[in-house]
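Please look over the sequence and the model shown below.

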Amino acid sequence: MRAQSRAVAVLGPTNTGKTHYAIERMLAHRTGVIGLPLRLLAREVYDLIRALRGPDCVALVTGEERIVPDRTQYWVCTVEAMPLEIGADFVAIDEIQLCADPDRGHVFTDRLLSARGLHETLFMGSDTMRSAIAALVPGVQFQRRERMSQLSYTGSKKISRMPARSAIVGFSVENVYAIAELIRRQKGGCAVVMGALSPRTRNAQVDLYQNGDVDYLVATDAIGMGLNLDIKHVAFSATRKFDGRRMRPLQPDELAQIAGRAGRYQNDGSFGVTGEASPLPDEVITAIENHQFLPVRKLNWRNARLEFGTPERLIASLESHTNNDWLTRARDADDVLALKTLTAQPEIRDRLTHPRDLKLLWDICRVPDFRGISSAEHAGLLGRVFDFLHGDGRIDADWLGRNIQRIDRTDGDIDTLSKRLAYIRTWTYIAQRKAWVDDENHWREATRAVEDRLSDALHERLTQRFVDRRTSVLLRRLKQKESLVAEVNDNGEVTVEGELIGRLEGFRFRPDQTASADEAKTLRQASLAALTPLFHLRADKFYNAPDTEFEFTEQGGLLWGTTAVGKLVKGDDALRPQVAAFVDDEAGHDVTEKVRRRLQHFIDRKIAALFEPLMNLTRDETLSGLARGVAFQLVEAMGVIPREKIANDIKALDQDGRGMLRKHGVRFGQYTIFLPLLLKPAPTRLRLVLRSLAEGLDTFPESPPPGLVTIPHIVEVPTDHYLMAGYRPAGARAIRIDMLERLADFLRACDSRAGFEAKPDMLSITGTTLEQFADLMEGLGYKAERGERAKAKPDAAPEAAAPEATAPDTPADAPAEPVAAGDTATEDAPVTEVPAEEVMDVYFTFTWAPRPRRDTRPERKPDARPDAARPREKRSEGRNDGDRRKGGKPKTGKPKDRKPEPQREFSAAPARKSDKIDPDNPFAAALMGLKLKG
């Protein structure tokens, strides 16, 4: 060391400004060299000095990058790449405590022992190096620098509760990616920083964090080496790492180096653990908070005075030991291992005939193994390079070009691009070596261009995978307290700041389906502020929409267009259901109430319009007595009620009462009392929904398609469901109740005692085949006897055409058909084989013979059978009273063939009064006249 040169060791914990102090001191000299531990940190310092002094006076020299202007004054380098022969006025080595590192420590130790500036030498690092530096550097001066802010331990925190501006540290690529993926789902995204990243990728990722696009950083321990970022909290996801040879726990000073990244300048910081990392011991916490660590006792050292006489002498000089108590021989590094491998190969060893050959081989062995495939693979590559340089003096351009071209691809995922970047670093390093290639500038630019393309592609993939731009934009704007404006298009897609965040289905926000559950939760929270005004605007539009834009579903849902906005719920009155609106809680009470009121208005008006005949019955004050009671029961039954259910009331109802009810459209059918207008499809759908609500059904029976007269009867479906749909089960099918009444009119004219055959009109109005009609009649209480006879000759009257599936006179607005409905199928009746010259015709004879059916009819009293099916002398409402008064006998089709009637029982009870004439009987007027004459 020169007499006028001084050596200074600036020691202290992190965040003391040591690196900035070194830059200031270097710029105070005419020339200077500063050695830094990482290529990333070297690039950061280079950019800073370049901004202060311009690009023409500062050089950047690393293993893979070399920018050296002609008038260079200041050299920013990695420690391995420092040019010690230039004689600079100032020399500085940062993170000097890395002398104790088992892999690179021997390089830092060599710089500590031999690198000196002509005027000033500066060593920056941890205070644990004080004793070692004092022992190895005579005359050194010490400066103690205190941390500018406090560092405190906060314990363990889940990643979901990690505060903003936090860095989560992992010690493997897999761990870093897993944490980054979790943060993207829960927090919107993060930046990723690893030592293996190129400076271009690293800077792009850091910009994401520093600019506030993301609030979280996931990194390896690379951030512990001088990277100055705006970090408030550092969380360790693990406290053990693989050091290249084994898994080992991190030492307290190593943890402190990383934790010290929190709380830059005068802002306090904190550190803790997360994930599966165990809480730190109390003694470790105290050491980190107070910056008190055991001093370094041994520095890794490797002999720098190498002998190139023979391979053995070179290896022996590299393996030589030292007698200095502060130094210990470093373990064999990759370069020594590669040298031993190559010198053991005969084809290589035979070429080592001169010391310059061995020196060339040693320089080649110092090419780092960036690829990390295997030691043998790396040695094979180095051997190929030695072949070129020893033989031709230059690496073959075609061979180099092919290797670079194979890497120059930007497709693939993160791992693929990372591998290509590692590969290109090897060729970049080779291109930087002086006199190894022809046209050095071309290859340096070529490898740099490939690295830049791969770096940009890797940054893009990292951002795509670990940053949810939509959520990060929302969170950033909210953090800045800026107003957010959401826009929704005709398809319901909601965008904020141009980013699609989801869909608005009515008044419920659905996050984008591409998001996971955690992402959707975060996205929803971030977008609420933007959606609040949108909910109010949408509610105003909804409230002013016409009723034509609304509809109810057969399961009680309420639609606005095609979007579900609510559902019907049971009310105090079956005809007055209530509404439950589908509105997110975040929309607020006012929006919810406005939506609910509008839907209530709609359903109230819909019921009033479709059930107008019922509403008129309830409002008619002229109805009184029994007529009002029948009207009340009809309203309760929503316009359709079986006659047997109110038979006594109907029997007692006088002519005036019947007339008043008929004015409201009430039809007194033989089987059903109903309002025909309420059998149309729309009222039927509504009746099924309202009745299902009133009965508390979980699944509502659906209204069948309109137009069918009969439909299959499914035993499992309750009879009441068919009735509400406007059908009555009869056998294997159910028949529409208005068509059943038309059939009853035909049956009244038939002799049910002697038997009758089906007429074409009967088949037509029921829309059935003869076989289906027979089954239906059996379901109504008739006995069907099948018979065969010779088919009429061609000149005879043609057989009635087969009926269509629907009644020919079915109106366009015919009632609907029940759930289990299926089109009435035409089935050919089976034909018994007969001689070819004679074709048999099938027919059925029907007689009244009530008997229990398998599923179709409710249990009846003996005298509750339909009037048309009852023996005439037993009919209920006095239809043949005139005949009895005149002493006439009931008419029958064939008196002689009639079977004897069963013995009747008589009692001493008074004679029964004559029944009233049923005004619904088609012969009511004639019977009334006969009665008056009698």
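**Cavities, helices and strands**

The structure holds 4 cavities of 30 Å³ or more. A cavity is a set of points on a 1 Å grid over the protein atoms alone where a 1.4 Å probe fits but cannot get out. The volume is the space filled by probe spheres set on the points, which are joined across faces, edges and corners. This is a predicted model, in which local features need pLDDT of at least 70, side-chain atom pairs count only at pLDDT 80 or more, and totals for chains, interfaces and linings use all residues. Residues are numbered from 1 along each chain as its sequence is written, and side-chain values use heavy atoms, with hydrogens and water left out.

The second largest cavity has about 40 Å³ of space.

Helices are DSSP runs of H or I with at least four residues, and strands are E runs of at least two, numbered from the N terminus. The axes of H15 (residues 414-432) and H16 (residues 440-466), lines fitted to C-alpha atoms over the stretch in contact, come within 9 Å and cross at roughly 160°. H15 is therefore roughly antiparallel to H16, a word used for angles over 145 degrees on a scale from 0 to 180.

Strand E32 (residues 733-736) runs antiparallel to E30 (residues 710-712), with 3 bridges joining them; strands pair if DSSP finds at least two bridges. Pro712 stands opposite Arg733. E31 (residues 727-730) is joined to E32 by 4 bridges, also antiparallel, and Arg728 has Ile735 as its bridge partner.

Technical notes: Parallel < 35°, antiparallel > 145°, perpendicular 65-115°, else oblique. 1 Å grid on protein atoms, 1.4 Å probe; cavity = no way out; pocket = protein on both sides within 12 Å on 5 of 7 lines; lining within 4 Å.
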